[in-house]
Amino acid sequence: MAFMVKTMVGGQLKNLTGGLGGGEEKGEGDKSPAEAQGMTREEYEEYQKQLLEEKMERDAQFTQRKAERATLRTHFRDKYRLPKNETDDNQIQLAGGDVELPKELAKMIEQDNEEEEEKDSVIGQLTNIQNLDIDSIKDKAQATLEDLKQSAEKCTVM
């Protein structure tokens, strides 16, 4: 009977005072977090441990991705001779220092490097042109031009 009176009047009294009672002891209606979720104390502790492990794993993956991005930015800064960023260096160090890029990003960098090599080779070819004998090229071009003029004169259509 006392339980019914306490739950009926106590709940309404608590609502009226806004729950400011303060000095009440833990009664039968109050539950621990484990009991509130319908678990035993051991199950609740195991659940909390599992949540903590999952959070640590997510954080490690996130740190690894941040370090991969920082590595990519560092690569492009080196490539285009831009100033270094200390934040990127710190992120790489947090991930353990030696960070490998994902396969897709590594392919992109490799393609960029190949394109740069092709450009370098064309520029290299242009510098080799200076070593050629310009007089011989000029003579060949004039001979070809004269041959074209002669064949154009022989053309009956024009």
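Is Glu45 buried, partly exposed or exposed? Select Glu45: its relative accessible area is 45%, which makes it partly exposed. On this scale, buried means under 20% relative accessible area, exposed means over 50%, and partly exposed is in between, with a 1.4 Å probe and protein chains only.

Before moving on, a word on the ground rules. This is a predicted model, where local features need pLDDT of at least 70 and side-chain atom pairs count only at pLDDT 80 or more, while totals for chains, interfaces and linings use all residues. Residues are numbered from 1 along each chain as its sequence is written, and side-chain values use heavy atoms, with hydrogens and water left out.

**The whole chain**

Zoom out and colour by secondary structure. The chain has six helices and zero strands, giving the pattern α-α-α-α-α-α along the sequence. Helices (H or I, at least four residues) and strands (E, at least two) are DSSP runs, numbered from the N terminus. Colour by accessibility next: 9% of the 158 residues count as buried.

**Salt bridges**

Side chains of opposite charge can pair when their charged atoms come close. Here the term salt bridge requires a side-chain nitrogen of Lys or Arg within 4 Å of a carboxyl oxygen of Asp or Glu. The whole structure contains five of them.

Arg41 and Glu45 are four residues apart in helix H3 (residues 41-79), so about one helical turn separates them. Arg41 is exposed, at 60% relative accessibility.

Next, select Asp88 and Arg73. Their side chains meet in a salt bridge, 2.7 Å from N to O. Because Asp88 lies in helix H4 (residues 86-94) and Arg73 in helix H3, this pair ties together parts that are 15 residues apart in sequence. Asp88 is buried at 2% relative accessibility, whereas Arg73 is partly exposed at 35%.

Keep Asp88 and bring in Arg77. Another salt bridge shows up here, at 2.4 Å from N to O. Arg77 is in helix H3 and Asp88 in helix H4, so the pair ties together parts that are eleven residues apart in sequence. Both Arg77 and Asp88 are buried. Show the three residues at once and you have a network of salt bridges linking Arg73, Arg77 and Asp88.

**Where H3 meets H4**

Hide everything except these two helices. At what angle do the axes of H3 and H4 cross? They cross at roughly 135 degrees and come within 8 Å. Axes are lines fitted to C-alpha atoms, for helices over the stretch in contact, and angles run from 0 to 180 degrees between N-to-C directions. H3 is therefore oblique to H4: angles under 35 degrees count as roughly parallel, over 145 as roughly antiparallel, 65 to 115 as roughly perpendicular and the rest as oblique.

To show the residues that meet, select Thr63, Lys66, Ala67, Ala70, Thr71, Arg73, Thr74 and Arg77 in H3, together with Asp88, Gln91, Ile92 and Leu94 in H4. Three threonines in this selection deserve a stop.

- **Thr63** is partly exposed, at 28% relative accessibility. Its C-alpha atom is 7.5 Å from that of Leu94, 31 residues apart along the chain. Leaving aside neighbours within four places in sequence, Thr63 contacts Leu94 and Ala95.
- **Thr71** is buried, with a relative accessible area of 18%. Beyond neighbours within four places in sequence, Thr71 is in contact with Ile92, Val99 and Leu101.
- **Thr74** counts as buried, at 19% relative accessibility. With neighbours within four places in sequence set aside, Thr74 touches Asp88 and Ile92.

**Last stop: the rings**

How many aromatic pairs does the structure hold? There is one. Select Phe76 and Tyr80: their ring centres are 6.4 Å apart and their planes at 15 degrees, so the pair is stacked. Rings of Phe, Tyr and Trp (its six-membered ring) pair if their centres lie within 6.5 Å, and planes under 30 degrees apart count as stacked, over 60 as edge-to-face and the rest as tilted. Phe76 is partly exposed, with a relative accessible area of 24%.

Terms used. Contact = heavy atoms within 4.5 Å.
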